[in-house]
Amino acid sequence: MPDLTVSAGVVSGLIAFAADRGADPRVLVGRAGLQDGDLDDPDARLPFATYVTLMRAAQDLCGDPALALHFGEAVDLAGVSIVGLIMNASATMGDAFAQMQRFGRLTLETEGISDGPRFEIVSCDGQPWMVDRRADPNAFPEWTEGAFARLVCGPRRFLSQPHVLEVHVTHPAPAWRAEYDRVFQCPVTFGSDWNALRLDPHIASWPVALQPRYVFGVLTERADGLLQDLEDARTLRGRVEAV
């Protein structure tokens, strides 16, 4: 994943979260190789490898191998990314998922997917599943842990009933397996053939609208510009690499 990027807001959010749990932020910044100014703009792009290094350093300094799971549980996407703000301003859960598909690359560019967004909804035995199509997910299962915990715990703050009924992950059960049960509060299957969340069949129509519709328009206009910038940068890099 040498060319993948992550938003500076996500990196800043992880540093702040780890600092609250006892890590020295100066040591974290040093271990991750961050430079002055790297985190000034939350929409700026940083190498995803920097995030991987930072996560491993934070786990070490906090003495918490389940830090990614706890980060996703405690920090809403709206606190670290414009994508989360847009989802919170969506009218329904179905609309929020559509915006996540549309703008998800602004949080993280995903490896190995060239034919659509990272997440998709599929039907299996008449049940809807949200499937994570990220390639080689077991190379960095912390990203699965954090993303799934955030998708479960974020909406839980405003929904009146559970929206995720079952969790499947491809990586084996870790030593902190009990934390999965506490965070997800539903059956969890390890060593599965896919990374997926089984959803309540009626979830698409459930209301969200945590922000006014005006905010939705302003944010999506900004996000469209950021997405174009990201695409332009990748296209330019591709042309240079070809030469």
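Helices (H or I, at least four residues) and strands (E, at least two) are DSSP runs, numbered from the N terminus. This is a predicted model, in which local features need pLDDT of at least 70 and side-chain atom pairs count only at pLDDT 80 or more, while totals for chains, interfaces and linings use all residues. Residues are numbered from 1 along each chain as its sequence is written, and side-chain values use heavy atoms, with hydrogens and water left out.

**View A. Val 208 sits in the loop between β7 (195–199) and α9 (213–242).** With a relative accessibility of 10%, Val 208 counts as buried; that word stands for under 20% relative accessible area, with exposed over 50% and partly exposed in between (1.4 Å probe, protein chains only). Setting aside residues up to four places away in sequence, Val 208 touches Met 87, Asn 88, Ser 90, Ala 91, Thr 92, Met 93 and Phe 158. Contact here means heavy atoms within 4.5 Å. As for Ser 12, its C-alpha is 26 Å from that of Val 208, and the two are 196 residues apart in sequence.

**View B. Helix α6 (residues 93–103) has buried residues at Met 93, Ala 96, Phe 97, Gln 99, Met 100 and Phe 103.** They lie on the same side of α6, because they cover an arc of only 160° around the axis. The arc is taken from the directions from the helix axis to the C-beta atoms. An α-helix has 3.6 residues a turn, so residues three or four places apart point the same way.

**View C. Ring pairs join Phe 48, Tyr 51, Phe 140 and Trp 143 into a cluster.** Rings of Phe, Tyr and Trp (its six-membered ring) pair if their centres lie within 6.5 Å; planes under 30 degrees apart count as stacked, over 60 as edge-to-face and the rest as tilted. By this rule there are nine aromatic pairs. Tyr 51 and Phe 140 have ring centres 6.4 Å apart and planes at 85°, so this pair is edge-to-face. Tyr 51 lies in helix α3 (residues 48–62) and Phe 140 in the loop between β4 (127–132) and α7 (141–156), so the pair ties together parts 89 residues apart in sequence. Both Tyr 51 and Phe 140 are buried. The rings of Tyr 51 and Trp 143, with centres 5.1 Å apart and planes at 85°, are also edge-to-face.

**View D. The charged end of Arg 150 sits over the ring of Phe 71, 4.7 Å from its centre.** Such a placement requires NZ of Lys or CZ of Arg within 6 Å of the ring centre and within 35 degrees of the ring normal. The charged end of Arg 213 likewise sits over the ring of Phe 216, 4.0 Å from its centre.
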